[in-house]
Amino acid sequence: MKYCLVSLGCQMNTSDAERVSSVLEAMGFEHTDSEEDATILGLVACSVRQRAIDRAYAKIRKWNSWKDTRDLLTFATGCVLPGDRERFLKAFDFFFPINELPNLPEMISGYGVVSQAGLRLRDDEVIPPESKNDKRKGFWQIEPAYATDFEAFVPIQNGCDKFCSFCAVPYTRGREVSRPSGEILREVEGLIASGYKSITLLGQNVNSYGHDKRQSEIGFAGLLRRIGDIGKSADSGLRVYFTSPHPRDMTREVIEVISEYDCLAKQIHLPLQSGDDGVLKRMNRSYTLEKYRRIVEDIRTIIPDATLFTDIIVGFPGETDDEFDKTRQAMAEFEYNMAYIALYSPRPGAKSAEWKDDIPHEVKKERLHELSELLKGISRSYNEKLIGRTLPVLVSGTDRKPGYLSGKSEGLLVVRFPSENKSLIGTIADVEISSASDLSIEGKLAGG
Ligand code: SF4
C-alpha cells in the first residue's frame, strides 16, 4: 500500500514530514510522489501563510473528490492554528498535532488499515509509554526518513516565545522547547558517520537553544562547539548550518565558535525585517538597528569570509516612505548576499492582523522591487569578485539550464557548471568560477 505526503511551509515542516514518512514506512507503507497512486494521503500543513492554507484546502477538496471512485485515507498535521484545526478535523479523515506522531500507527489502524505497526527508533528501541506522554520527546526520538543521503535537517528546538506582531508561530507551535543535546549530538554523529555533507540545525529561534532549560542544558554556542568537535573527525567538506537565529540572542561567542571550526559553515542568516527602529518596535522584534549593526560588525571582523542572508518585510502597517528608506539604507550598508523579501500580509492569529493593512499593494510592490534591484546589484558585485577562484560546491542536482548541474558553495551561493555526470550529485566538486550574475555564479569543473 502506498502513501504520499505533501509538505507546505518552511523547512521545519519539511523536517517534520521526514519523521512522518519514517513512521509510515516503518508500518510497511511504500512512498510515492504521485497523489494518484497513493491510498494514504497526508498533509503537513502551515497556517502561517494564507497561501499555504489556501493550498491545503485545495488539496483536500481534490482528495475528497476522489473518494467516490476509490478507497482513500486522508490526514493532516503540521503547524496549524486552532481555527484551522477545527476545519481540518471535518475535512480530513483525521488530524493530529505533530507532537502526537508516535501515536500515528494506532490512528491509522483505527481506520481498519492493516499494517505491521511499530515505530523505527534509534537503537531499535520501542517508544516507551512515558515518552509517548512527553510528546515532543517521543516525536524527536523517531528516526526521520531523510529526503537525500547528503543533506539533512536536524531539529534542535521547537516553538517560539518572541511573539513578533506579524507572526503566528507562537500560536501554531507553542512555546520554545529545546531538544536534549544528547539526542541532537547522537543524530549529528550518525549523519556524519553515514557521510552526510550538509547538516542544517533547525528551529524557530535556534540561538535561544537551552534557555527554556535554565542551567540544566548547554546553550547554543556550547552546542555548536560540541558539534564542531564531532565534525573535526569527518572528511573535509562537511558543512553545518543553522536557521533561523534571532538578533536578540545572537552573541559574540556564537560567532567566535563558528570561526574556530572548519565544519561550521561560514554563512549566517540574520533576519533584519526592517531597518527602522519604529517599525521594529511595532513588529515587537526587541532589537534596534544599532544592536543589529553591532552583530554584523562582529561577523565581518571575526568571520570576514562569511556570507550574510536576511529576511525583510515591506509594507508593514503604517510603514512610511521614510521608514522604508531606512530599510533600503540598511540593505545597502549590510551588503547581503541574499534577502528573502516579503510583501506584508496579515497572518491569521498574529497580533498585526488586528491592525489596518494600510499600505496599498502597489506601494508594497514598488518597495519590494526597489529592494530586489538593490540586492541584485550588491550580490552581483560580490559574485564578480569570485571570478577566477575555485570553490568547493556541494552538487545537489541537474540545473534548469540544459547540460548543467548545480549546487551550493559553502556560503550557500548557487553555482552551476556544465556537466551531465549525475554521479557527482551528493558529492563536493571543485568549480572554477568564470562568470557571475545577479544571484548565482557559473564555472567549470576544476581540471575538467
Ligand atoms: S521570532 Fe518572531 S518571526 Fe520568528 S517564529 Fe518567533 S514570532 Fe515568528
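1. Basis. This is a predicted model, in which local features need pLDDT of at least 70, side-chain atom pairs count only at pLDDT 80 or more, and totals for chains, interfaces and linings use all residues. Residues are numbered from 1 along each chain as its sequence is written, and side-chain values use heavy atoms, with hydrogens and water left out.

2. Overall fold. The protein chain holds 14 helices and 18 strands. Helices (H or I, at least four residues) and strands (E, at least two) are DSSP runs, numbered from the N terminus. The radius of gyration is 22 Å, close to the 22 Å that the globule rule gives for 448 residues, so the chain is as compact as a globular protein of that length. That radius is taken over C-alpha atoms, and the globule rule is 2.2 Å times the number of residues to the power 0.38. The C-alpha trace spans about 60 × 55 × 50 Å along its principal axes.

3. Ligand shell. Which residues surround the ligand? They are Cys 160, Lys 162, Phe 163, Cys 164, Phe 166, Cys 167, Val 169, Pro 170, Gln 204, Asn 205, His 246 and Arg 285. A residue is near a molecule if one of its heavy atoms lies within 4 Å of it. By class, the shell has seven nonpolar, three polar and two charged residues. Ala, Val, Leu, Ile, Met, Phe, Trp, Tyr, Cys and Pro count as nonpolar, Asp, Glu, Lys and Arg as charged, and the others, Gly among them, as polar.

4. H13 and H14. Helix H13 (residues 321-334) and helix H14 (residues 361-384) have axes that come within 10 Å and cross at roughly 15°. Axes are lines fitted to C-alpha atoms, for helices over the stretch in contact, and angles run from 0 to 180 degrees between N-to-C directions. That makes H13 roughly parallel to H14 (angles under 35 degrees count as roughly parallel, over 145 as roughly antiparallel, 65 to 115 as roughly perpendicular and the rest as oblique). The crossing is right-handed, meaning that the near helix is turned clockwise from the far one by less than a right angle. Asp 321, Phe 324, Thr 327, Arg 328, Met 331 and Ala 332 of H13 meet Arg 367, Glu 370, Leu 371, Leu 374, Leu 375 and Ile 378 of H14. Contact means heavy atoms within 4.5 Å. This contact has seven nonpolar, one polar and four charged residues.

5. H10 and H12. The axes of H10 (residues 252-260) and H12 (residues 289-302) come within 10 Å and cross at roughly 20°. The two are therefore roughly parallel, and their crossing is right-handed. Arg 252, Ile 255, Glu 256 and Ser 259 of H10 make the contact with Ile 295, Asp 298, Ile 299 and Ile 302 of H12. Arg 293 also lies in H12. Arg 293 touches Glu 333 and Phe 334, not counting residues up to four places away in sequence.

6. H9 and H10. H9 (residues 220-231) packs on H10 at about 5°, with axes 9 Å apart. The pair is therefore roughly parallel. Phe 220, Ala 221, Leu 224 and Arg 225 of H9 contact Glu 253, Val 254, Val 257, Ile 258 and Glu 260 of H10. The contact divides into six nonpolar, no polar and three charged residues.

7. Backbone points. Most residues other than glycine have a negative phi, and most peptide bonds are trans. The bond from Thr 243 to Ser 244 is cis, with omega near -10°. Ser 244 sits in the loop between strand S10 (239-243) and H10. Glu 335 has a positive phi, near 45°, and lies in the loop between H13 and strand S13 (338-343).
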